[in-house]
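Morning, everyone. Please have a look at the structure on the screen, and then I'll walk you through it.

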Amino acid sequence: MAAELTAIQKTLLENIADLHEIPSGAYNIRSDGGMLGRNTTANIDIVTKTDKPGIDIIIKPGTKNQSVHIPVLITQTGLKEMVYNEFFIGEDCDVVIVAGCGIHNAGDEGSEHSGIHTFHVGKNSKVKYVEKHYGTGEGTGERVMNPSTEIYMEEGSHLEMETIQIEGINSTDRRTYAKVEENASIVIKEKIMTHDNQVAVTDFKAELVGENSSADIVSRSVAKNHSKQTFKSNIIGTSACKGHSECDAIIMDQAIVEAIPELTAANIDASLIHEAAIGKIAGEQLIKLMTLGLTEEEAEEQIINGFLK
Amino acid sequence: MLELRNVSYQVSDDDAGEQKEIIKNISLTIEDGFVAITGPNGGGKSTLAKLIAGIYTPTEGQILFNGDDITNMSITERSKKGITFAFQQPVRFKGLTVKDLIKIAAGKNININEACGYLSEVGLCAKEYIDREVNASLSGGELKRIEIAMAIARKTPLTLFDEPEAGIDLWSFQNLIHVFENIHEHAGGSIIIISHQERILNIADKIVVIAGGEIKHYGPKDEVLPELLKGAVPAPGAVSDDTTLGCPTLLDKLK
């Protein structure tokens, strides 16, 4: 039921979901506010919301080793949309969910995608969630993405969220909230690079409410040129739990990086740690790679690629 | 062939508000072969190596490499001409793996077996290390061997090692000697090793002694080493193999 992909749509799909063709398994491809294709499977159902734009993704209990792709493509200049996607993941699942948004803006009007994702992760389920953002296009129009993610984790569940934004997004404001119950754990890995005059704000909040719950938030970022980044994290422990947040940023040129880690412990057995480091590329790292034959620019590129790998 | 002509290097000493001469008018010609540089700490050995590698630029004098004047060439240019420098204190990289660095050092896309070969040469169990990040999780000794493996992978006409033994335990040091014996046997070109270890000096063809920014001795090992060792008799029961030619002895000798 999928339509043929255009060259631009293919490029965007490759960049945000490593997809070269329409994926196998369950998927929903949204393009310029409409549905480009959808496939459901025996275990994974995708239903269009009736009260607002967006979809419900319903994964049956016990679904293992299956994946859902829900990429969003925008190729129309001036398109602004707000989408609500809700994931209902049954108990004892083990699934991979790949979202992501690619904007190709060839015009002079701003294109904007705001996605509000809500996850209900059932007992003892394991979820890997990947969200990549990518912008391109020769137009002067801004490419804006404001993703919001709410995650409710039931007992014994585990979710790993990986967010990647490497280039082309002028402005992003990411908000993530997680509520973690007994024996459940969440791992968030963020990779972000901003350049020119881009602005990126990320704000993570994790509430560890259950015994033996845990959160690990790791952000690695590179800020180039005149770009500005703000990293906020807040881990709140109200039970015997473990929380760790780490923000590690490379600052270059005239960029500005702000790191605001926050911890709140409301239980004597809550163990919370935060680490934040901002610095330029170490001179000795550049020198070492130059003694191996790289130019300063090549050395810089290797260091950044490795850092964001 | 490397030639230093009247090379000096001065830095400004901010505290004293004056110029300090670290290297004083050194002239030195190093032919192909294995040359060890030794001398007391603070004598200018590492500075000399950094001047050769291009990390520092001489305040006076000229450096020639195979007849070309490289005095004002960048680190990268010198590296491309065939100069490799293994640091005394290896650098850590978040995110770059051992394999990444060995690939960069080799200057081409090498396969896993080749990369592992270089690690095995320095006594590292290659499979355990090849995908490790070169970050704080590696010990000083492990980093040091990876640094040496990178230098081997580059196979350049001139390789400088700054105190390869520093940070390596005694047991591993035995293996390290074999590594350098191997390099000496199989590699062409020049190898310059800054070292305090008698066993390393012992496998050199020539030895340069530097103290106070000047060359005090330069000659064949058989001439220089016995001179250095005179007066450096190990205490009874000490392992003579690991006699460290430390400061006091040398300073005495050089007076």
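Chain B puts 20 residues in contact with 16 residues of chain A. Contact here means C-beta atoms, placed from the backbone, within 7 Å. This is a predicted model: local features need pLDDT of at least 70, side-chain atom pairs count only at pLDDT 80 or more, and totals for chains, interfaces and linings use all residues. Residues are numbered from 1 along each chain as its sequence is written, while chains are lettered from A and ligands numbered from 1 in the order in which they are written.

By type, the side of chain B that touches chain A has 11 nonpolar, 5 polar and 4 charged residues. Nonpolar covers Ala, Val, Leu, Ile, Met, Phe, Trp, Tyr, Cys and Pro; charged covers Asp, Glu, Lys and Arg; polar is the others, Gly among them.

Now chain B as a whole. It has 10 helices and 10 strands. Those are DSSP runs, numbered from the N terminus: helices are H or I, at least four residues, and strands are E, at least two.

Over to chain A. Strands β15 (171–180) and β17 (199–208) of chain A pair in parallel, over 10 bridges. To pair, two strands need at least two DSSP bridges. T176(A) has F204(A) in β17(A) as its bridge partner. β17(A) also runs parallel to β19(A) (228–237), joined by 10 bridges. There, D203(A) stands opposite K232(A) of β19(A).

Terms used
Contact = placed C-beta atoms within 7 Å.
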